[in-house]
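Please read this briefing alongside the sequence and the coordinates. The points below are grouped by topic, from the overall make-up of the chain to single residues.

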Amino acid sequence: MPSVASKQYSDDVSLLVLLLDTNPLFWSNTSITFSQFLSHVLAFLNAVLGLNQLNQVVVIATGYSSCDYIYDSSLTSNHGNFESRGTGMPPLFASLLKKLEDFVTKDEELSREEGHEDRTPSCLLSGSLSMALCYIQRVFRSGHIHPQPRILCLQGSPDGPEQYVAVMNSIFSAQRLMVPIDSCYIGVQNSAFLQQASYITGGVHHTPKQLDGLFQYLTTIFATDLHSRGFVQLPKPIGVDFRASCFCHKKTIDMGYICSVCLSIFCEHHKKCSTCGSVFGQSKLDEASSVSDKKRKAPHT
């Protein structure tokens, strides 16, 4: 496949894939309502599309049990029309809000049917990342000219340790495709997944201090195209949480056991690797090793 740089429209044309956290378990217990959050997001999308007439926006809703595409500006012929039609809402967002409402309803029904009482109240980040990368890969293969893609995760739900392998595989795939993953975390505790995603792919990670000014954070930090980022001062991470999740109990750990064959991580000593089937001797299992160093060498399958 030709290099990404040789297939772009120009430096300032962007394809923004926005992953929107719609997890009802998070929004039922937060300082900002989902409708207030959504008003900031819609204004931000409006600004991105207004920066360049060739900019494209794709929105993927990330629920508790499912994820789905809810908006694609490339499929809307009047995505540059920002005038209201008697509803007080730009026409391009009318379909977005309708699909979002339908998605939230279906996701809540699916959550009740499946019943995840023992699962962390996290959103399905691994699924939405995979969908975003599939969309970008389809854009790469559709022709010789395309916008410069990037992913923006707007999340408030806590990390789900059971999604660790799938999320890391998506992060390494984005790194190979040279697609940066930006992340804006609005939850109480910071997200190790999003910190690692932005660090590894060269994106920007930020945690807003005041959610009532979310629109200002989004426009000043995440509306900047990749070419212009070389001329502005963007927030830099003070530190990155590289803790991993063990493969046996799906718990976040600081120290653990690493299989020297497939780099699987365990919180307890095992005689046999559950991933690759290797039989461990004492010399083949690195006890009390720092999992943050080895886990970045290769994605897990």
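A residue is called buried when its relative accessible area is under 20%, exposed when it is over 50%, and partly exposed in between, with a 1.4 Å probe and protein chains only. By that criterion, Gln-148, Arg-150, Leu-152 and Leu-154, which point one way from strand 4, and Pro-149, Ile-151, Cys-153 and Gln-155, which point the other way, are all buried. The model is a predicted one, in which local features need pLDDT of at least 70 and side-chain atom pairs count only at pLDDT 80 or more, whereas totals for chains, interfaces and linings use all residues. Residues are numbered from 1 along each chain as its sequence is written, and side-chain values use heavy atoms, with hydrogens and water left out.

**Overall make-up**

- The chain has 8 helices and 11 strands, where helices (H or I, at least four residues) and strands (E, at least two) are DSSP runs numbered from the N terminus.
- Of the 301 residues in the chain, 51% are buried.
- The accessible surface of the chain is about 14,400 Å², and carbon and sulfur atoms contribute 52% of that area, as computed by the Shrake-Rupley method with a 1.4 Å probe, where for residues only the protein chains shown count as cover.
- Among contacts (heavy atoms within 4.5 Å) with a separation of 6 or more, 69% are between residues 24 or more positions apart.

- An open sheet of 6 strands has mixed pairing and the order 3-2-1-4-5-6, two strands being paired if DSSP finds at least two bridges between them.
- The edge strands of this sheet are strand 3 (67-72) and strand 6, each of which pairs on one side only.
- Strand 1 (residues 14-21) runs parallel to strand 4 and is joined to it by 7 bridges, with Leu-15 standing opposite Pro-149.
- Strand 4 also pairs with strand 5 in the parallel sense, over 5 bridges, and here Leu-154 has Cys-184 as its bridge partner.
- Strand 2 (residues 56-62) and strand 3 run antiparallel and are joined by 5 bridges, with Val-58 opposite Asp-72.
- Because 8 of the 8 residues of strand 4 are buried, this strand is largely enclosed by the rest of the structure.
- Strand 4, helix 5 (residues 164-176) and strand 5 form a right-handed β-α-β unit, meaning that, with the strands pointing away from the viewer, the path from the first strand over the helix to the second runs clockwise.

- In helix 7 (residues 214-222), the residues Leu-214, Leu-218, Ile-221 and Phe-222 are buried.
- Seen down the axis of helix 7, its buried residues fall within an arc of 95°, so they line one face of the helix; the arc is that of the directions from the helix axis to the C-beta atoms.
- These buried residues of helix 7 pack against helix 2 (34-51), strand 4 (148-155), strand 5 (181-185) and strand 6 (205-206).
- Asn-46, which is found in helix 2, is partly exposed, with a relative accessible area of 24%.
- Asn-46 and Phe-93 are 47 residues apart in sequence, and their C-alpha atoms are 9.0 Å apart in space.

**Cysteines**

- The structure holds 0 disulfides, a disulfide being a pair of cysteine sulfur atoms within 2.5 Å.
- Cys-153 is in no disulfide, and the nearest cysteine sulfur, that of Cys-123, is 8.6 Å away.
- Cys-153 counts as buried at 1% relative accessibility, and Cys-267 is buried with a relative accessible area of 18%.
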